[in-house]
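Colleague: I am new to this model and would like a close look at one part of it, the surroundings of the ligand. Please take me through them slowly.

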Amino acid sequence: MEIKEAKIFQDYLNGVITGSETETSKKLFKDARSFYENSDCDLSDDTVMYEVYSYSQGDPKQTGNLNWGLTVMKPVTVNQECNITRGHFHEDLNCAEIYFCLHGEGLLLFMDENDHCYAEKMKTGTVHHIDGHLAHRLVNTGDEELRVGACWPTTAGHDYARIEKNPFKVRIFKENGNIVVKERHS
Ligand code: F6R
Ligand code: ZN
């Protein structure tokens, strides 16, 4: 019997996912400006807001195949608004996802199909089930990196347009060290 080395390695507590088959991407401030209420600030365009690492095997169009991922969110604010991911619905609303917090503190923000928003608190060790019908966005409310692992079907896809057309109704700010939730009633 052949015993093979694992193709990827994850330093769960202190690091990221490495290995030749790991895909990585960086979200720079210049590409994230539209996520925030007011992006007019001193952050340079090239500031890294978050990094995404992912790994999968097989045909991504094949039902049942999985992605394994990690999002690393920097502890930066934009005019006191906490760092957020772009946020999305899955294109296939039947595809759920699991998030698990590996480091830091944050909120997992959900929005349902009636625009109702709510959040789950994240800290090292919390595990979160994301129903396929819910939009989801990470918020780093802490003073350190927020590192969140994820597992989801390769067939899920990302529907960003739906969130851009109909954004989350809440924004999370850090004012004098306090987390402040601002809701938009429209
Ligand atoms: C995949 C998923 C995560 C996010 C990542 C970045 O379905 O939810 O891997 O893609 O946290 O967030 P977005 O894609 O919203 O920029
Ligand atoms: Zn997702």
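Colleague: In the shell around ligand 1, how many residues are nonpolar, how many polar and how many charged?

Modeller: This is a predicted model, in which local features need pLDDT of at least 70 and side-chain atom pairs pLDDT 80 or more, while totals for chains, interfaces and linings use all residues. Residues are numbered from 1 along each chain as written, chains are lettered from A and ligands numbered from 1 in written order, and side-chain values use heavy atoms, without hydrogens or water.

The shell holds five nonpolar, seven polar and two charged residues. Here Ala, Val, Leu, Ile, Met, Phe, Trp, Tyr, Cys and Pro are nonpolar, Asp, Glu, Lys and Arg charged, and the others, including Gly, polar.

Ligand 1 has 14 residues around it, and those that come nearest are Y50, T71, G87, Y99 and Y160; a residue is near if one of its heavy atoms lies within 4 Å. Polar contacts (N or O pairs within 3.5 Å) reach oxygen atoms of the ligand from a polar side-chain atom of Y99 at 2.6 Å, a polar backbone atom of G87 at 2.8 Å and a side-chain N or O atom of H88 at 2.9 Å. Alone, ligand 1 exposes 400 Å², of which the protein buries 95%, by the Shrake-Rupley method with a 1.4 Å probe. Strands (DSSP runs of E, at least two residues) β4 (48–56) and β8 (97–103) are the elements giving two or more residues to this shell.

Technical notes: Polar contact = N/O pair within 3.5 Å; in protein donor to acceptor, adjacent residues only side chain to side chain. Helix = DSSP H or I, 4+ residues; strand = E, 2+ residues; numbered from the N terminus.
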